[in-house]
Structure formats: structure tokens, C-alpha cells
Amino acid sequence: MIPAKAPHSSSHTASLEAYHERYARSVEDPAAFWADESAALDWFRPADQIMRFDPITAEIAWFTGGKLNVSYNCVDRHAAVDPTRTALIFAANAPGEYRHIPFGELLREVCRFANLLRELGVKKGDRVCLYLPMIPELAFAMLACARVGAVHSVVFAGFSAEALRDRILDAGSAVVVTANEGLRGDKAIALKAIVDKAVLGLDVVKHVLVARHTPAEPHMVPGRDQWLADGLGRQRPYCPVEWMDAEDPLFILYTSGSTGKPKGVLHTTAGYLLYAARTFHYVFDAQPTDIHFCTADIGWVTGHSYILYGPLCNAVPSVMFESTPLYPDASRYWQVVDDLGATILYTAPTALRALMRFGDEPVTRTSRRSLRILGSVGEPINPGVWRWFHDVCGDGRCTVVDTWWQTETGGILISGLPGATPMEPGSATLPFFGVRPLLMDADGREVHGNSSPGHPVSGNLCLAGTWPGQARTIFGDHARFVQTYFSAYPGYYFTGDGCRRDENGNYWITGRVDDVLNVSGHRIGTAEVESALIEHAAVVEAAVVGYPHELKGTGIRAYVVTRADMNASAADLQAQVRIAIGAFAMPDQVILVPGLPKTRSGKIMRRILRKIAEGEREQFGDLATLADPGVVAEILDLCVGL
Ligand code: WTA
């Protein structure tokens, strides 16, 4: 245990007692608590009712009757106070290249973009697909959608054409926004060409807007494609906002689940914004002097909540970082921190593991004096990595917050608070205000109390009640929403994570307990990778499992059975996944096997395949139930040396 750093006079949580006191109030009367917190937003019309929640039908609603606009709350109201205050800082791929965007300019850009969307016929409720690199236009586009009441669906620019196509179709997006190229270190990615492939023959897509980010001249389809700058050039920098109902959809974000089809997690207006804003305020102890640097990509939920909406709603300048932690070298994050005077750095354990390999020097050669808070998100942080983050990156001076949450939760649910919560390397520590975690055993019974010596308390992590940032549904499939999250433990939201509660009530996330892998902090469903492999003509069947990977946390191993009369190499099959999903989901290992271990009823015994991938060579339990027990020995032979 490491004591909390001393709070300062403007800390939002002065002590552990202050946290406990506010927490108790927040769970005893969540409606009163969140009604008070909602004063942080500007409302066009106040809410009639604070919350409504039915865990059986998964009916979740916050601030019904209230009207507001997200773009107004994140831009207009701050521009009105001080249009020169920095809103966004674009840190380009090229080292040392920055663009500061003040609130006044942001407002004009967002208005122009919003008018362009209206010109293209985009109306309230329409879905707009954003397939963009980490450039300011992405932020303008999201806020412009929010301004006119359109629902944005940001697709991470590492997804392939096929994956993008699925998401455009699922959301029914008539407008796609992209860039000619994206830049990542030494590489240029031809995003427009990927979009062309994705939308080929799709009648639903009427307009493709292309931001010019590099000199590259992509192919433009007349009547469908236009340069963003041309479209924006026609627009006035003034655009009235659409006053939205609290429960009007704000965005869809696709995430992996345990079936092949990705889920479009839907978040709504008031609850999501309030939750992103208040978690940002408390967890990062946001101050007017802060400069917030979150290294995530906006294509994932962390970027939505803690690059864009959380910081901007709080008028805290936020960095949009286009590059990678290793470009041009392992000093890059710290260089950006020094160049911009960043006070908060929010990153992922996978990036820290990659940086740790280069030793302390790339860190210690920089000053980092401006930093006061370091955050971690995306996967459990190994205590050794935590200590390096705290001792070396933060000079032992900064608070480290390990923040646990999910795409579906909208914002942070478990985390320490600076100046209040004692730090416990490897543990996300304590629930945020209004959050009620509980642990369930295999029989669906709640496990009460804290661990005691020789008696660990652990189980599947569930949540009781609701919080404003909770996802409302899966776009177009509410039954799947109920089934996925509210059926395993009736009455509760099931997270898919395993967890332990220690002697002091701290929560330790132990990782996914479902068929979802956490690879470099990215969620990837094993079923998704399997269905990508099966699309290959030579593949008969495939089973995908995770295994411990030094850098990625979890690596992907695929066992694949191919047709005897067709040739397909491991490299071909890796390429297949890159084409179907994207390079980030590519299996690290593809093992061509003669067969898969199955029960007599034909069920693949993934448990055995997982054990083999984890390095087990002997202890597989009873293999007598297998249809062909010999196959295990054959697979083991093929795995020698991996
Ligand atoms: C994992 C990312 C341990 C967890 C915000 C969760 C974590 C999944 C942590 C959600 C953490 C996220 N400690 N595990 N601090 N943060 N996870 O939807 O397994 O991309 O269920 O949201 O990441 O991933 P998602």
C-alpha cells in the first residue's frame, strides 16, 4: 500500500473519509446525488425524473424530460466565457508539431461541420460513420454530429474494409467521413482507399467526406465523394444547436462480445455526458490549470470519454496524439508532456510494457515536472509495471489511478481518487460514486465481505443498480442487450470480468471470464477471429484462444484445420484475419492441426486448447470423454518450441 499523495487546497476529494462520506450518500440516494451533480451541465430544460431502471427488461433512463445539447456543453458555453482558452491540442505524428485550437475556433469549426452535415441531409437520429485518424477533424465531426442530433459511429481506423463495411451497414450510415491518409510513425495508411473498398456497391452510403491530411491524391467518386475543406468552405461558422432529449442517442461504438457479430453499444445524451464529465472531474481531480494528455485513440471508448467529452465538458485542454509511443523513439510521450506542460497522462499498461523494455533513460532524459496524475486503463496493470510508472515516470511524486471500466459503462467505475485513496499497485481500488460492485459465485450467489487471511473473496464482477453512463441498448437489438448483460445474474449487470476483493475492500480485476481476449488493451472476441478464419476457402474449422504475452498481455493463438486438397499457410491465415478485422486482431500464432479436441457430441474443448497455449503439457484432466483423445498428443507435438 502506498499512501495517497497529500491533497491540495483545491482537490475535489480531501481525504479517504471525504470519499467514504460522499460514496455513502451516493449509494443511499443515487437520485439525489446525481441530481446535485447534474448542475455541472447546462440544461435547456430541467429533467422531470432523475432515473428509471428495470434490470429485467434493461430499461434504463436518466434525466427524462430534460433537454440539452452535448456540443453546447462542451464548446459554446466555454467559448462564451473565454474564446481564446485552449480546447484541443493536436500533437501531430511529426515530433514537435502542435496545433492549439481555442474554444472560439473550435466553435466555428464545429458549426461549419454541423452545417455541412445538414446540407447533406443529415437529420436528428441519423447515423454518421467516422473513419478517421487522430486529427482535429475527428473531434469537429463528433461534436458536429452532437450539435445537429446525429448519432456518431466512430470506427477505429485500424479496422479493415470488411469490418468497416459491416459497421456502416449495421448502423445504416448514409454519410462516411474519412481522410486521404492516416500517419502512424513511418507509415502512411491509405484510409480513403479502405473506405472505397468498404462502401463498394453499398447503396446506403450517399456521401463520403475526405479530410486532406497528407499530399496524397486519392481516387474520388464524382457525386459521392468530396473534399471536406470544399464542403466546409461553403458553410457559415454559425449553427444553432438541436435541443436534444436527455435520452436521445449520442453515439454508437462497436465492441466485441462472445459471438462473431460486433455489438453496437449505444450511449445517450445527458447520462453519458454527465458521467464522462464527473468521473473526469473527480478521478483526475481536474483543475483549471490542467493540460490533459490521454494517449488512447478516439476510435475506442477511452478516447470518446477522456479525450473528447470529459475534458471538454470541464473546459480542460485535451491533447489529441496522432503518433505512437515509440516514434521516433521511446521518449515520445514524455517529450509531448514537456513540450505541452501536460499535468495528467492517461495511458495503457500495454504501452508501458513496451516502453519499459527501453529502460529508464528515455524517460529520465525528460523533465516531466508538469505531471501530477498518471492514469492506467484497459487491462490489469502488473504491480511491477505500476511501480515503474509511479517511481520512474512519475518520479514517485505523482498519483497513479488505475481506472477500471468498459465501453458499456461509459466512464470509470472503479478507481482511486487523487489525494484520498491509498494506492495499491495492481488494484483499481474503490468504486466511484454511485457505483455498487458485487461478486458472484458460480451458483449465482453474491459473495459477501472482504478477503481475510487464507480466505480470498472473489467471483464474477457484477453491478447493482444503474449509473448515468450506463449503455442503454445494443443498436437494433435490445434482446441481445438483455441477454448479454442482464441474464447471467438476474437483477444485475454482468461485466464479463473476474475480480477479487481484498482485506481492505479494494477490487482487483483478474481478467475476462468470457470468450473475450484483451490484446494490448483491445477487446477481441475469439468467435470473431474464428469466423474470420472460417471465411477462408481452405479452412474447415478453427479454434482461437489467448495465451500470456509479454508485451500484449494476451496473445492470440489459432488452431486451424484446413482442407487436405487446398494449401493455406499460417501466414495466409494471419492475412485472412487482417483482411476481415484488422491487423490488431491478427493471431500471433496459427497452428495447422489435423483435428480439434471435441466431445463425442461435437463440442470443441477449448479448455484443453487454452491449457496447451498456456504451456501445459501433461495435466488436461480426463480426456476419455473426447471423441478422438489422440488428437491432443498430435497438437502438443505441433506446439513444441512455441
Ligand atoms: C479490461 C476500456 C483491469 C476489462 C475502457 C474490461 C481493465 C475491458 C481495466 C473493457 C483496468 C479495462 N484493470 N482490467 N483498469 N480497464 N479493463 O470496453 O477486462 O475496451 O472488461 O473499455 O477491459 O474494455 P473496453
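Which side chain meets that of E379 in a salt bridge?

Modeller: Quick ground rules: this is a predicted model, where local features need pLDDT of at least 70, side-chain atom pairs count only at pLDDT 80 or more, and totals for chains, interfaces and linings use all residues. Residues are numbered from 1 along each chain as its sequence is written, and side-chain values use heavy atoms, with hydrogens and water left out.

Your partner is R353, with N to O at 3.2 Å. A salt bridge here means a Lys or Arg side-chain nitrogen within 4 Å of an Asp or Glu carboxyl oxygen. E379 sits in the loop between strand 19 (373-377) and helix 14 (383-393), and R353 in helix 12 (residues 349-356), so the pair ties together parts 26 residues apart in sequence. Helices (H or I, at least four residues) and strands (E, at least two) are DSSP runs, numbered from the N terminus. E379 is buried at 10% relative accessibility, and R353 is buried too, at 14%. Buried means under 20% relative accessible area, exposed over 50%, and partly exposed in between (1.4 Å probe, protein chains only).

For context, the rule gives 32 salt bridges. Among them, R278 and E37 pair at 2.6 Å, N to O. That one links helix 9 (residues 269-283) with helix 2 (residues 30-37), the two residues being 241 residues apart. R278 counts as buried at 13% relative accessibility, and E37 likewise at 7%.
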